Amino acid sequence: MTDDTPDAGGPDPGNARPDGGTGARGADDVALDPWGSSTVSDYRKLFDQFGIERFEEVLEAVPDPHYLMRRGVIFGHREYREVARAMRNGEPFAALSGFMPTGDPHIGHKLVFDEIIWHQRQGGDAYGLIADLEAHSARGLSWAEIDEHTRNYVLSLLALGFDPEEGELYRQSTNREVQDLAFELGIEANFSELQAIYDFDGETDVSHMQSVVTQTADILYPQLDGPRPTVIPVGPDQDPHMRLTRDLAQRMRSFGVREAYASFELEDDEREVVDQSYDRLTEIADNTVTIRAIDAARLIEDGEEAVEFKNRDFPSDSHAFAVSARASAQKRAIAKLKNSSKEPLRPRVRIFDRRATDEAFEALIEAVEGEKRVYDNHVDTFDLSREAAEELAREVELDHGGYGFRLPSSIYHRFMTGLTGGKMSSSVPASHISLLDDPEEGYEKVKAATTGGRETAEKQRELGGEADECPVYELYAYLLAGEDDEFAKEVYEECVGGERLCGDCKEQAARLMEEFLEDHQEKRAEWEDRLEELDIELDSPRKR
Ligand code: TRP
Ligand code: SF4
């Protein structure tokens with residue numbers, strides 16, 4: 001199995017390498033749509049088109065990773081490294097996710113509940129929110145229905161181990177701070193943008209749009225207590241919200257930080273080209289010459305023979321850059337360099353004014369230590385690292401009444417396959433197990449599930465079962481095996497080795513499911529009596 005087949009992946013027993021194909025195969029392949037009934041059939045697209053990163057790349061940075069991480073159920077992330085770092089260093093971080101109260105919580109939601117709870121136990125500030133405004137506007141549920149479902153989500157989250165004393169539970173409709181923040185963020189987002197991200201059109205109602213900015217406010221809400229790395233555990237269908245929130249968070253910043261070489265600005269890919277060219281020039285020039293923009297342009301364009309230092313002396317192994325791969329970035333970089341032809345190149349960290357007040361900009365200039373050059377809209381610093389400049393910019397912003405948001409991080413889990421094959425859907429009861437299902441009912445649903453088994457026992461013994469295509473195996477890996485990697489692995493190996501037959505396998509899974517539901521519902525009942533202690537309002541005063 002190679003690294004470039006992340007789409008082919010269900011949970012792997014006891015190791016994070018995605019393998020097999022339990023994700024959501026065969027479902028419609030549609031763009032990410034938070035309100036569609038779509039599942040994701042091609043996980044690779046998420047990496048290639050949307051810039052989600054592979055979770056395996058950060059796994060080793062995570063202290064004592066959750067089993068969903070170890071087994072590759074959590075397959076992708078955005079900037080989770082920041083959260084992992086805070087976790088390792090005992091620094092503040094937060095985890096937040098939200099639930100639309102449109103039906104009963106089921107075993108798919110349990111993944112997210114568990115993720116929030118795990119981050120809480122790792123020392124994070126944890127938040128669970130009920131997206132009641134979204135359910136009301138985007139799904140048209142009445143407040144009475146919403147209240148009923150809200151109670152159920154809250155009870156299951158608590159029963160699974162969320163600590164409400166340490167963490168925070170809220171519903172969107174009663175959180176004034178969230179709504180105020182949503183209003184501010186809404187100033188930065190316009191209709192065309194929502195249209196492009198969500199396919200909104202002239203028929204989209206205003207409250208639905210408002211529920212989108214409300215979600216961006218949810219995501220940034222933990223940072224109202226001060227900027228901190230924040231992870232949002234969600235399914236990949238929520239990624240559009242992450243992209244929007246990360247954009248808006250950035251636009252709210254007073255200052256931006258960029259690396260530069262001269263007066264002109266460089267895009268990231270252009271800078272990569274100029275970085276290499278500059279580094280090479282510093283190697284081949286002695287340090288009495290001034291490296292100018294035109295030298296870098298010539299080096300990129302024609303190779304080292306074309307660079308005209310007065311006293312240059314090239315080593316004989318000199319070679320031109322490979323032109324093909326980054327041709328476009330190179331072309332653009334060359335144009336900019338030529339345009340500034342005689343300007344000396346000198347690496348610097350530029351802090352620019354995005355939306356700072358005059359006082360804040362003055363304070364920033366004042367605060368920069370070491371050599372600096374001040375311009376109308378930016379200050380170039382020569383002795384600060386990028387990180388130091390970012391920290392300074394954030395401090396000044398906070399001192400002058402800004403939010404100083406960090407870009408929120410996210411982690412993405414695979415959708416579970418429905419027990420009847422196809423996708424797991426709240427509207428098809430047999431396809432999922434509700435956390436409120438009678439334990440016997442849960443038992444029966446597992447017994448009736450489709451499997452990755454062969455037509456006959458003989459064939460199964462001969463060829464082995466297809467655990468990677470089996471919703472029952474998924475139940476083991478995502479839920480029933482719990483922390484026990486060995487057990488998950490055993491089921492997998494016995495299955496594919498032909499030692500395990502589906503009848504017994506399902507019987508075992510069904511019993512475990514029954515036990516899980518019994519236990520879960522007992523804990524729910526215990527919390528039922530303690531709901532009054534919570535801060536969250538369970539009865540909405542709203543009409544209809
Ligand atoms: N839109 C999410 C859903 O459809 C619910 C939600 C609202 C949410 N606010 C959030 C999820 C913040 C994560 C973070 O279920
Ligand atoms: Fe699925 Fe179990 Fe049958 Fe294997 S033996 S295909 S895991 S039900």
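User: Is Arg-530 buried, exposed or partly exposed?

Analyst: Buried means under 20% relative accessible area, exposed over 50%, and partly exposed in between (1.4 Å probe, protein chains only). Arg-530 has a relative accessible area of 36%, so Arg-530 is partly exposed. This is a predicted model, where local features need pLDDT of at least 70 and side-chain atom pairs count only at pLDDT 80 or more. Side-chain values use heavy atoms, without hydrogens and water.

User: Which residue forms a salt bridge with Arg-530?

Analyst: Side chains of opposite charge can pair when their charged atoms come close. A salt bridge is a side-chain nitrogen of Lys or Arg within 4 Å of a carboxyl oxygen of Asp or Glu. The partner of Arg-530 is Glu-533, with the closest N and O atoms 3.2 Å apart. Salt bridges with shared partners also join Arg-258, Glu-265, Arg-348, Arg-350 and Asp-380 into one network.

User: How many salt bridges are there by this rule?

Analyst: The count is 40.

User: Where do Glu-82 and Arg-85 lie?

Analyst: Helices are DSSP runs (H or I, at least four residues), numbered from the N terminus. Both residues lie in helix α4 (residues 80-89), three residues apart, about one turn.

User: What separates Arg-511 and Glu-514?

Analyst: About one helical turn, because they are three residues apart in helix α21 (residues 502-528). Arg-511 is partly exposed at 43% relative accessibility, whereas Glu-514 is buried at 17%.

Conventions
Residues are numbered from 1 along each chain as its sequence is written. Chains are lettered from A and ligands numbered from 1 in the order in which they are written. Helices (H or I, at least four residues) and strands (E, at least two) are DSSP runs, numbered from the N terminus.
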